[in-house]
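Here are some friendly notes for a first look at this structure. Please keep the view open while you read.

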Amino acid sequence: MYSILFFSRVCFCSAEFKRTRLYSRLLAAISVVVFCCAASAQEATGRVHAVIISGGMNKLMNHERYWNDCAFLYRTLREDYQFSKQDITLLISDGGEPGRDMLLADGSGFASSPADLDGDGERDVWLPATLQQVEASLTELAARLTPDDRLFLFMIDHGDFDNSMQQPFAWMWGGGRLYATRLSQLTDAFHVESISLCLGLCHSGGFIDELRRENRVIATSCAESEESWACTDRPYDEFVYHWTCAVSGHDPEGNAVHADTDGDGYVSMAEAFNHACQHDRREETPQYCSIPEPLGEQWYLSSKQGSGIKERQMANDISSRLICYDLQGRVVPVQKERERKHLKKINAKQSSPLSPIIIIKP
């Protein structure tokens, strides 16, 4: 049984003595958490790998909002979910080459889409989203991932419907067509724990019939017969913008977004879809499929060891045994949002003099 003590850093006569006791307890707390994390890693060794695809077709059709959608999601995976760069495959237009491949949102002309998606000064995009490269990258990745791993595939693009073949397709860079049947074949090669897909393109709902399988969650921006639309007030695509805000917990400017409707501290694929549907303001009908049905409510983005489902169960088990006290030693309720952050990052790097410090005390 453990309990948590929250208190503010204050100065008083015996500050040095109490600080010494504080540090010793904090070190003990960190040891306990490290031990728990190690045990979790031994229990499940898989991970989630993300694939972000933006074909764009050509520079006349490759809108700046596509790049914005990809960059927002990439920052979410790297900063909010702590994905390593090795666990994200990026296939975007011309692959980050210096040529002008992107139509600017203000209509002023063309620009080269930045290869640095998160602004850290390092090139992130190396692979073009040609049909050949997308097929090669997915084939290589399918051979590399294990049955303990999970796959998350995100695609933002122009979509169309081939009446002769009676199926939708996505336009890849250079004019290649990624048909729903071909994407189905490529994803069928993945022998992983489960797969989640988020597709933001016209006619994307038509991909569901080809992609639906056991242990898959699929979200699309519109129905098979519909077009997918851009936001009217910002350079993003409507559905995927709200979807990414949901899983991020904030918009691109850092304003909080609350999509965790069950209050468990995590945003599932089902919660992200519901949030995007509720906030979608354009004439499109987002589609959703989860097999089995509860999977979407238990599938979480995560770069840690093990699946998001198991991580959530572990976090809930820990939190159910925690007791919080205020400065006077009175029991106070645990706030789930803050609890989630503290369980994820229990450390001594508190900078503000009024920031809470967590001590796990036997």
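**Notes on the predicted model**

1. Let's begin with helix α2 (residues 64-80): at 1.5 Å a residue, its 17 residues should span 24 Å, and its end C-alpha atoms are 23 Å apart, which agrees. The expected span is 1.5 Å times one less than the number of residues. Helices (H or I, at least four residues) and strands (E, at least two) are DSSP runs numbered from the N terminus.

2. A word on what you are viewing: this is a predicted model, where local features need pLDDT of at least 70 and side-chain atom pairs count only at pLDDT 80 or more, while totals for chains, interfaces and linings use all residues. Residues are numbered from 1 along each chain as its sequence is written, and side-chain values use heavy atoms, with hydrogens and water left out.

3. Is α2 enclosed or open? Twelve of its 17 residues are buried, so the helix is largely enclosed by the rest of the structure. Buried means under 20% relative accessible area (1.4 Å probe, protein chains only). Among the buried residues are Tyr 66, Trp 67, Phe 72 and Leu 77. Their cover includes β2 (48-54), β3 (88-92), β4 (102-103), β6 (150-156) and α6 (238-248). Just after α2, Gln 82 takes a positive phi of about 60°.

4. Now the sheet: six strands form an open, mixed sheet in the order β3-β2-β6-β10-β11-β12. Strands pair if DSSP finds at least two bridges between them. β3 and β12 (287-291) stand at the edges with a single partner strand each, so one side of each has no neighbour in the sheet. β2 and β3 pair in the parallel sense over five bridges, and Val 51 stands opposite Thr 89 in β3. α2 packs on this sheet, touching β2, β3 and β6 (contact: heavy atoms within 4.5 Å).

5. Thr 130 deserves a look, in the loop between β5 (110-111) and α3 (131-144). At 19% relative accessibility, Thr 130 counts as buried. A polar atom of its side chain lies 3.1 Å from the backbone nitrogen of Gln 133. Not counting residues up to four places away in sequence, Thr 130 touches Met 172 and Trp 173.

6. Finally, confidence: pLDDT is the predictor's confidence in each residue, from 0 to 100. The protein's mean pLDDT is 80, and 71% of its residues reach 70 or more. Over residues 334-362 the pLDDT is below 50, although this stretch has 57 contacts in the model beyond near neighbours in sequence. Where pLDDT is low, the predicted coordinates should not be read in detail.

Technical notes:
Buried means under 20% relative accessible area, exposed over 50%, partly exposed in between (1.4 Å probe, protein chains only). A polar contact is a pair of N or O atoms within 3.5 Å; within protein, one must be able to donate a hydrogen and the other to accept it, and residues adjacent in sequence count only if both atoms are side-chain atoms. Axes are lines fitted to C-alpha atoms, for helices over the stretch in contact, and angles run from 0 to 180 degrees between N-to-C directions.
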